[in-house]
Amino acid sequence: MNKIKCECGHDNPHGTLVCESCGKPLQESEDQKSLLNMRYEGVARRSQTYTTTFIDKIWMFFSSVKVGIWIIVLLLVASAFGTIYPQEMYIPPTVNPAEHYAEEYGITGQLYYQLGFHNLYGSWWYMLLLAALGISILIASLDRFVPLYRALKTQRVTRHQSFMKRQRIFGTSKVEDPDAAFAQVKEKLKKKKYRVSEENGNLVAEKNRFARWGPYVNHIGLIIFLIGCMLRFFPGMYIDDSMWIREGDTVVVPGTDGRYHVKNEQFLIELYDEDDEMYAEAIQRSGGPVVKTYQTDAILYKQEDTGVVGEGELVQVDEHYIRVNEPLTFDDFSLYQVSYRLNELSMMSFTLENKETGETFGRMDINLLDPEAEYDLGDGYRVVVGQYFPDFHLDGNNEPATQSSVPNNPVFIFTMYTPDTPEGETSLVGIRQNLEPLGENQYKMTFVDVETTHVTGLTVRKDKTLPFLIVGGAIFMFGLVQGSYWAHRRIWLQRINGEIWLAGHTNKNYLGLRKDIDLVIEDSGITTPVDQLEEAEKSSQNNKQ
């Protein structure tokens, strides 16, 4: 588009309201008595100038503050929906999410799961909203920052008379010695930390221009913060997982692609001494022993490449105790102590018994975490594990089911084969229960022994996005302080028609600007300028009365 040439000779971009150089209003239809809109120095913004092409319309859409606010509102509403029920990451990892939400919260929980709200913050549409907010912030910032920076950099000391008259703070004075008045004001302005520039006997004093960039620094911080939030959903950037390890077991650390293993060498728990007077009352109120601390004596292994695909040697790389807030840290991972289970069932032993004679045949030790399909007791006696329910319960159809893979209430359906019963007999056996669902049997499974073990609960954390969040948050706070605690102030003094014209502008706190002006013109003979906005409001009130 064609540029607008001002009478001062400066070429302004199409759509400019106020000349970037001399400040003359360029719109003929504009009310010549109204105050100038100095929000963006009257510069041409791309979103208000170029509106024809598809790219222009996209730019216009995202540069709108209203659009940005609506995106924030949508994000807030969506985030609120995500708090109605716990997200999937907070439910027990051993349960089926679909069943959990339906059983715990009924039809609304089932609907919550089906709509995908159980994993809301990682959903594609939530990520899309975050991306839209980032784009809106970026485009809105560029649309305003670039022309504003250009206008402030291009501005001249000597401004057009219309520019001076239409500032909020404006006044004219006649003094006997203008040079002395200017020199006195200039000296006082420098003492007030104003940067003074002169041209043709006129001057402009400017202070705290950096405060104008506060909102844009805010936006930079927000964009970096949003990038950090979105990176959490990229593989390898963020891991927050849980793992349960029984004493003596070695398991793979989630998220390490099998490179790291950790062994629970020993789990220790320490209780407060009931005989200690300091804690006796608290222990009594709690109604039982109170845990003082608990820890996992862990050994960390790294799988070294042996050159054979699928095989690797575990090499110990660290040995460390893990307590609450005292993690085991390696590479970018940290293992935190978060929970434990004491005396969890690990092994159950049975023997096959003739109900009539009481004679027993063999012994079978069943690993509750990985039971075998069949146990041979010798001499033609064998037992087949038909079904295994680690955490037995009856579902809605009154049929056997398991609530989790943890052996909290193990129940077996055995088929027993003997020389006397080659066709087999069925028995349902659990803790304190031995049922014969298909009729009376000749043989039964008799409980012999049980073994338990302590289980430690660890949280696996890896967060490469934390630097983005910290840097983004710090930049945002810096911009907030920058834009909130300082004000960009400018004071113009010009010699026009034998008078001294004084005008002032600030982006906020006009009272502070007026105090500065009163201080620097004191005893100089220059008349105190008026606040034209206040004068107009007083005049309007008087007319109404």
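This is a predicted model: local features need pLDDT of at least 70, side-chain atom pairs count only at pLDDT 80 or more; totals for chains, interfaces and linings use all residues.

Residues are numbered from 1 along each chain as its sequence is written, and side-chain values use heavy atoms, with hydrogens and water left out.

Helices (H or I, at least four residues) are DSSP runs numbered from the N terminus, and their axes are lines fitted to C-alpha atoms over the stretch in contact, with angles running from 0 to 180 degrees between N-to-C directions.

| Helix pair | Angle and axis separation |
|---|---|
| Helix 8 (residues 214-231) and helix 10 (residues 466-484) | about 165°, 7 Å apart |
| Helix 5 and helix 8 | roughly 155°, within 10 Å |
| Helix 2 (residues 54-63) and helix 5 (residues 124-154) | roughly 100°, within 8 Å |

Helix 8 packs against helix 10 at an angle of about 165°, which makes helix 8 roughly antiparallel to helix 10 (an angle over 145 degrees). Their crossing is left-handed, meaning that the near helix is turned anticlockwise from the far one by less than a right angle. Residues in contact, that is with heavy atoms within 4.5 Å, include G214, V217 and N218 in helix 8 and F468, L469 and G472 in helix 10. By class, this contact of helix 8 with helix 10 has 14 nonpolar, nine polar and no charged residues, where Ala, Val, Leu, Ile, Met, Phe, Trp, Tyr, Cys and Pro count as nonpolar, Asp, Glu, Lys and Arg as charged, and the others, Gly among them, as polar.

Helix 5 and helix 8 cross at roughly 155° and are therefore roughly antiparallel to each other, again in a left-handed crossing. Among the residues that make the contact are M127, L130 and R144 of helix 5 and Y216, H219 and M230 of helix 8, and the contact divides into 13 nonpolar, three polar and one charged.

Helix 2 and helix 5, with axes crossing at roughly 100°, are therefore roughly perpendicular to each other (65 to 115 degrees). W59, F62 and S63 of helix 2 meet residues of helix 5 including A132, D143 and R144.

The structure holds one cavity of 30 Å³ or more; a cavity is a set of points on a 1 Å grid over the protein atoms alone where a 1.4 Å probe fits but cannot get out. The largest cavity has a volume of about 50 Å³, and its lining includes E20, E41 and R159.

Note on methods:
Helices (H or I, at least four residues) and strands (E, at least two) are DSSP runs, numbered from the N terminus. Angles under 35 degrees count as roughly parallel, over 145 as roughly antiparallel, 65 to 115 as roughly perpendicular and the rest as oblique. On a 1 Å grid over the protein atoms alone, a cavity is a set of points where a 1.4 Å probe fits but cannot get out, and a pocket is an open set with protein on both sides within 12 Å along at least five of seven lines; lining residues have an atom within 4 Å of a point. Grid points are joined across faces, edges and corners, and a volume is the space filled by probe spheres set on the points.
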